[in-house]
Amino acid sequence: MLPERTDLLVSGTYLISMDPGVGDLPRADVLVRDGRIAGVRPHAPGGPRDSGSAGIPVIDGIGTVTLPGFVDTHWHLWNSLLRGTVGDRPGTDYFTVKRALAPHFEVEDFYWAARLGLAEAVNGGITSVHNFDHNVRDPEDADANIRAHLDSGLRGRFSYGPPDSAPPDATNDLDDLAALRTRWPDSRLDGRLDFGVAVRGPYRTPPQVYEREWETARALGLPITMHCDRCLREEGCRSCGLTRLEELGLLGEDVQIIHAVHAGEQDIQALARTRTRVSLSPMTEMRTMGFPLLTELLDAGVRVSLSLDTLAMPTSADILGHLRAIVSVEAARTGSATVTPRRLLRLATLDGAHDLGLQDVTGSITPGKRADMVILRSTDINLTPSGDPVEALVYTGQIDNIDTVIADGRILKRHGRRTLADGEQDPVTVATARRDALLRRAAAAGDWHLPPVDADTPAGQGPATIAQERSRP
């Protein structure tokens, strides 16, 4: 059960609204009613409240910075349970581990994996998540992910993909894709979730597959998302082949391309011409693919957003830490002034909302939009003394500075701690137990090697299990 939506007034905060019409307000009051931002105004210390805010609980915002909730545009929530199993030792790379464990997931594993990832999203101030699910084995798996997203309190998108390691000649479950809206009408989605299609595309599937998937998605009016990561499979790759997708009519405003780290100039121009969107996952890209082409994409006018990708690599939902890494890498890589702290905050908020078609709902603190907000303590030692709060957040901000997270008017984190509804199970605890059971099943099937048990280590707190070295792909 979700916490109730709360009418409230954030009083006296430094507001970074990400709305050009509202701007930054050094002292602002933000009124929330019925899950919406009902008003934004300059703070008047000691002044009388108007009738619109009389009697409403107040969050004292003095000494805080408030900005829109972050938007993550590409996250494989199902493999959040793989965290701690992927590493640098032989046989523990992401793809080997994923292929070994994916067949052993039970339906409830998908639910709690998603809940774990979304709980970490809350902790990091992320209030919208695009769940790119590339291990949908049947409708029950899809439903488990959708239930998890709704139960988390966050908004976003569920993109329906194929089972992990599906053969190239198999399409997504297009019949269930068409049935999804019947099974999950708007009345069940609380205005917080929509659907998309995750496809493998022309470099992984033959025409009879990708043509049918694109045709079905567009007939249903569903946005399309696709990895562009040939660099992981083709040695010396220096082109993403996006010009071919343009020629085939597969690019467009309804398409989101993921990664594209080896996009050439013609690829980038194809993206710009077709107004195709790109989601970059800089932390996983730099670990396994190369440098994301953020500056080149922005300079060409391509619509770009940011994403975490997966918790399995391993990564964490430390958006401010990611932004700090990106701005430093781009300064060293290109020397360009394109990527600034403010531009990065926009990528992580309003531009992410544009990517998911949510720009009229979230991404900025604008009267009339839904109340998705993050409140950080600006008096913490790592943020003081401060000049420009935007630069301070990107250059020195940390998750530990996040005091309050509000998603759709619900307080999901307060005083630095995630909030749970009465009787709600903690996703972190349950997901840990589900992960341990998953590894035991995989080990019993011969697909996993469990480490020896240390008698002095409490159950469930031992070292991460290690993958069995495998010769098969």
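Proline 385 sits in the loop between strand 14 (373–377) and helix 14 (389–396), where helices (H or I, at least four residues) and strands (E, at least two) are DSSP runs numbered from the N terminus. A cis peptide bond joins threonine 384 to this proline 385, with omega at about -15°. That's a handy place to start, but here's the wider tour.

This is a predicted model, in which local features need pLDDT of at least 70 and side-chain atom pairs count only at pLDDT 80 or more, while totals for chains, interfaces and linings use all residues. Residues are numbered from 1 along each chain as its sequence is written, and side-chain values use heavy atoms, with hydrogens and water left out.

**The overall build**

- The protein has 15 helices and 17 strands.
- Its radius of gyration is 22 Å, close to the 23 Å that the globule rule gives for 473 residues, so the protein is as compact as a globular protein of that length. Here the radius is taken over C-alpha atoms, and the rule is 2.2 Å times the number of residues to the power 0.38.
- Along its principal axes, the C-alpha trace spans about 70 × 60 × 50 Å.
- Take contacts (heavy atoms within 4.5 Å) between residues at least 6 apart in sequence: 73% of them join residues at least 24 apart.

**Inside and outside**

- Of the 473 residues, 57% count as buried; buried means under 20% relative accessible area, exposed means over 50%, and partly exposed is in between (1.4 Å probe, protein chains only).
- The protein exposes about 19000 Å², and carbon and sulfur atoms supply 51% of that. These areas come from the Shrake-Rupley method with a 1.4 Å probe, and for residues only the protein chains shown count as cover.
- As for charge, the mean positions of the 51 positive and 65 negative charges are 1 Å apart. Lys and Arg count as positive and Asp and Glu as negative, with His and the chain ends not counted. Each charge is placed at NZ of Lys, CZ of Arg, CG of Asp or CD of Glu.

**The nonpolar cores**

- A nonpolar core is a set of buried Ala, Val, Leu, Ile, Met, Phe, Trp, Tyr and Cys residues joined through side-chain atoms within 4.5 Å.
- The largest one holds 106 residues, and Ile257 and Leu323 touch the most other members.
- Helix 2 (residues 107–123) gives the most to this core, with 9 residues.
- A second, separate core has 18 residues, including Leu8, Ile37, Ile56 and Ile406.
- Leaving aside residues up to four places away in sequence, leucine 323 touches Leu306, Leu344, Leu345, Ala348 and Val394.
- Leucine 345, one of those partners, lies in helix 12 (residues 341–348) and counts as buried at 1% relative accessibility.
- Leucine 345 and alanine 166 are 179 residues apart in sequence and 37 Å apart in space, C-alpha to C-alpha.

**A helix on the inside**

- Helix 1 (residues 94–101) has 6 of its 8 residues buried, so it is largely enclosed by the rest of the structure.
- The buried ones are Tyr94, Thr96, Val97, Lys98, Ala100 and Leu101.
- Helix 15 (427–444) is part of what covers them.

- Most residues other than glycine have a negative phi, and most peptide bonds are trans.
- Serine 165 has a positive phi, near 60°; it lies in the loop between strand 8 (155–160) and helix 4 (174–183) and counts as exposed at 54% relative accessibility.
- Histidine 259 also has a positive phi, near 80°. This histidine 259 lies in strand 11 (residues 255–259) and counts as buried at 2% relative accessibility.

- Arginine 41 lies in strand 3 (residues 36–42) and counts as partly exposed at 27% relative accessibility.
- Arginine 41 and alanine 431 are 390 residues apart in sequence and 42 Å apart in space, C-alpha to C-alpha.
- Arginine 417 lies in strand 17 (residues 417–418) and is exposed, with a relative accessible area of 64%.
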